[in-house]
Amino acid sequence: MMETYLSRRENLRGTVLILDIRRIPSAEDLQMLQWLRACGIPPLLVVTKCDKLSKNQRSRQAGVIARQVGVEPEELNLFSALTREGLDGVWARIEALLHGKKGIF
């Protein structure tokens, strides 16, 4: 059902894929990312709960996640709902998706 939605939704500009910084991406996360890429839908990778780790742990874990999903660490959007860290960056990237700007994901 999700694959059909993603492949037929012509006005879909992008999708936010939420990942937990304390976990490696699951098989389902990787499958969703594969569907998005196959359908040409830009994924906005938001890595949540970044406040739960120290800066060193955060950097190390972001590298692990980036390798797992096949992107550069800079393409991940680190975010904390608690501290609101990364909120402006996520909104800026959503805005860019809405206006069809490419190359920042």
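Biologist: If a salt bridge is a side-chain nitrogen of Lys or Arg within 4 Å of a carboxyl oxygen of Asp or Glu, how many salt bridges does the count come to?

Modeller: By that rule the count comes to 3 salt bridges. Please keep in mind that this is a predicted model, in which local features need pLDDT of at least 70 and side-chain atom pairs count only at pLDDT 80 or more, while totals for chains, interfaces and linings use all residues. Residues are numbered from 1 along each chain as its sequence is written, and side-chain values use heavy atoms, with hydrogens and water left out.

Biologist: OK, which residue does Arg22 pair with?

Modeller: Arg22 forms a salt bridge with Asp20, and the closest N and O atoms are 3.0 Å apart. Asp20 also meets the side chain of Lys49 in a salt bridge, at 3.9 Å from N to O. Lys49 lies in the loop between strand S2 (43-48) and H3, whereas Asp20 is in strand S1 (residues 15-20), so this pair ties together parts that are 29 residues apart in sequence. The helices (H or I, at least four residues) and strands (E, at least two) are DSSP runs, numbered from the N terminus.

Biologist: Is Asp20 buried or exposed?

Modeller: Asp20 counts as buried, at 18% relative accessibility, because buried means under 20% relative accessible area, with exposed being over 50% and partly exposed in between (1.4 Å probe, protein chains only). Lys49 counts as partly exposed at 34%, and Arg22 is partly exposed at 35%.

Biologist: And what does Arg58 meet?

Modeller: The side chain of Arg58 meets that of Glu85 in a salt bridge of 2.6 Å, N to O. This pair links distant parts of the chain, since Arg58 sits in helix H3 and Glu85 in the loop between strand S3 (77-78) and helix H4 (87-98), 27 residues apart. Arg58 counts as buried at 10% relative accessibility, while Glu85 counts as partly exposed at 32%.

Biologist: Switching topic: which residues touch the most other members of the largest nonpolar core?

Modeller: Leu45 and Leu76 do, out of the 19 residues in that core. S1, helix H2 (27-38), S2 and H3 each supply at least two residues of this core. A nonpolar core here is a set of buried Ala, Val, Leu, Ile, Met, Phe, Trp, Tyr and Cys residues joined through side-chain atoms within 4.5 Å.

Biologist: What is Leu45 in contact with, leaving aside neighbours within four places in sequence?

Modeller: With those neighbours left aside, Leu45 is in contact (heavy atoms within 4.5 Å) with Leu17, Leu33, Val69, Val71, Glu75, Leu76 and Asn77. There is also a second, separate core of 5 residues, which includes Val46, Phe79, Val90 and Leu97.

Biologist: Back to H2, then. Which of its residues are buried?

Modeller: Met32, Leu33, Trp35 and Leu36 are buried in H2. Seen down the axis of H2, the buried residues fall within an arc of 160°, so they line one face of the helix; the arc is that of the directions from the helix axis to the C-beta atoms. They pack against helix H1 (2-8), S1, S2 and H3.

Biologist: Which residues are exposed on the other side of H2?

Modeller: Ala27, Gln34 and Ala38 are exposed there.
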